[in-house]
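Let's take a friendly walk through the aromatic rings of this model. Have the viewer open and follow along.

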Amino acid sequence: MERIRLDGVWQEFRPRSAHGNRRHKSPVKWALEDVSFSAHDGETVGIIGHNGSGKTTLLRTLAGVLEPSRGECRIDGRVSSLIDLTAGVNRDLTGRENIMLGAVLLGMTRSEVRERYTSIATFSGLSDSVLNQPLSVYSSGMGLRIAFSVVVHVDATVLLVDEVLAVGDEAFQQICLDRVTRLRQEGCTVVMASHDLDQIRVFCDRVLVVHQGRLVFEGCPDDAVTRYGALGPDPSIPVAGPRPGSSRERSGQDRPSAPGGDELDGGATLP
């Protein structure tokens with residue numbers, strides 16, 4: 001059964017001012033451009049691309065956080081998403097209270113949360129003493145444990161997961177991936193964005209390559225990873241310069257000097 005369908009989705013983006021207000025006179029930029037794909041029961045679809053390519057925007061559109069500027073996004077069933085660790089949490093509340101809050105925000109009733117609380121807490125691997133502490137004293141990895149534990153206990157037909165799993169330690173990541181596999185076997189449709197290409201190869205049936213807001217490839221994981229590699233280096237990662245103490249730096253090559261200045265020991269200049 002088809003659970004997800006995007007038809008010609010465009011997502012508008014306008015730069016914001018320093019005060020957080022949209023600059024309405026700024027030219028329109030498109031975070032997504034004419035994206036279309038579908039997913040069915042029990043299928044795991046991966047999304048890969050450089051930073052800023054539109055992966056998270058695509059997941060947010062699927063989650064209903066963003067309304068498409070153009071096109072149509074249809075989801076059949078309950079959606080559970082883990083896209084932003086800060087969404088739906090209150091750092092002044094305890095871990096226990098945030099479990100209750102997060103589960104209710106994802107559509108569970110209070111009685112369902114009470115029935116599943118023990119299972120959620122056990123899955124997180126956090127002790128009662130830790131769960132009774134405010135979230136403000138938690139590390140990012142501990143916060144992830146609570147968020148993911150809640151997400152996978154919702155009776156969802158569609159699960160959306162962003163790169164946030166990279167925050168957790170290796171042991172908990174494996175627990176999460178095992179749970180995702182189990183959900184897929186039970187018929188849940190999973191869409192996951194990740195920079196971990198080995199993870200993408202192992203867990204995904206099909207992979208989307210997104211580049212500058214466009215869907216440039218859709219196919220099997222190995223071919224998708226090859227296509228992603230052909231895009232070249234990530235433009236958001238700066239090219240490293242000479243290392244401190246390198247021979248080039250020690251020799252003084254390319255060292256700027258003031259016009260007409262005399263160079264002092266150590267490379268300083270006099271005007």
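**Aromatic rings and their partners**

Phe148 is buried, with a relative accessible area of 0% (buried means under 20%, exposed over 50% and partly exposed in between, using a 1.4 Å probe and protein chains only). This is a predicted model, in which local features need pLDDT of at least 70 and side-chain atom pairs count only at pLDDT 80 or more, while totals for chains, interfaces and linings use all residues. Residues are numbered from 1 along each chain as its sequence is written, and side-chain values use heavy atoms, with hydrogens and water left out.

The structure holds 4 aromatic pairs. Rings of Phe, Tyr and Trp (its six-membered ring) pair if their centres lie within 6.5 Å; planes under 30 degrees apart count as stacked, over 60 as edge-to-face and the rest as tilted. Trp10 and Trp30 make an edge-to-face pair, at 5.3 Å centre to centre and 80° between the planes. Trp10 belongs to strand 1 (residues 2-13) and Trp30 to strand 2 (residues 29-40), so their pair ties together parts 20 residues apart in sequence. Strands (E, at least two residues) and helices (H or I, at least four) are DSSP runs, numbered from the N terminus. Trp10 is partly exposed at 21% relative accessibility, and Trp30 is partly exposed at 24%.

Back to Phe148: this residue and Phe123 form a stacked pair, 6.2 Å centre to centre with 25° between the planes. Phe123 lies in helix 3 (residues 110-124) and Phe148 in helix 5 (residues 140-151), so this pair links parts 25 residues apart in sequence. Phe123 counts as buried at 15% relative accessibility. Together with Phe172, Phe123 and Phe148 form one aromatic cluster.
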